[in-house]
Amino acid sequence: MAWFLGLGIAGVVLLVLSLVFDGALEGLFGGVDALDGLLDGWLSLPVIAGFVSMLGFSGAIVMGTTGLGVVGATAIGVPVGVGTGWLAYRLSRALLSDRSGAAPRNDDLIGASGSVVTAIPASGYGEVLVHLAGQPVKLAAKSPTPVARGAEVWVEEALSQTAVSVRLVEH
């Protein structure tokens, strides 16, 4: 039973290491072309830690509560460990595919309302303050017609990361 408890504790320690050294094991197989994509995610520290710890702890529980012995404890511990490793893999894939924190892009500016903070001349640039993803953003702005300071505008086009084309909002 001591070996199984040791495996369980080693799995928990490996899980802690996976939090501290995130992605270390994945980098070990980064240059091996034969494994390219084959074991993607399956050799991650959380998956291995889940397998090892559940193999150890379930094996220790089986040995302590039944008379099955080492072979029986291993026969029950391996499928439990595989199941836990699979759950860790699925959970990590779900967390990594979450795109809710994506950074705003230039196209997200189109249609945003704002106000002119520096007057926009007919042939030059001024400045507007727009709200993007809940945050105020000050951008260089140009317009086909002059726009006075304080006027409300709509963004028609994102010219670059820091410049937009606007039109005056008429009430």
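Arg-90 comes out as partly exposed, at 47% relative accessibility (buried is under 20% relative accessible area, exposed over 50%, partly exposed in between, with a 1.4 Å probe and protein chains only). This residue sits in helix 4, residues 69-96 (helices are DSSP runs of H or I with at least four residues, strands are E runs of at least two, and both are numbered from the N terminus). Its C-alpha atom lies 9.4 Å from that of Val-47, 43 residues apart along the chain. The model is a predicted one, where local features need pLDDT of at least 70, side-chain atom pairs count only at pLDDT 80 or more, and totals for chains, interfaces and linings use all residues. Residues are numbered from 1 along each chain as its sequence is written, and side-chain values use heavy atoms, with hydrogens and water left out.

Now for the core. The largest nonpolar core holds 16 residues, and Val-166 is one of those with the most contacts inside it (such a core is a set of buried Ala, Val, Leu, Ile, Met, Phe, Trp, Tyr and Cys residues joined through side-chain atoms within 4.5 Å). Beyond its neighbours within four places in sequence, Val-166 is in contact with residues including Ile-120, Val-128 and Trp-154 (contact means heavy atoms within 4.5 Å).

As for the strands, strand 1 (residues 113-118) pairs antiparallel with strand 4 over three bridges (pairing takes at least two DSSP bridges between two strands). Here Ser-115 stands opposite Glu-152. Strand 1 also runs antiparallel to strand 2, joined by four bridges, and Thr-118 has Glu-127 as its bridge partner there.
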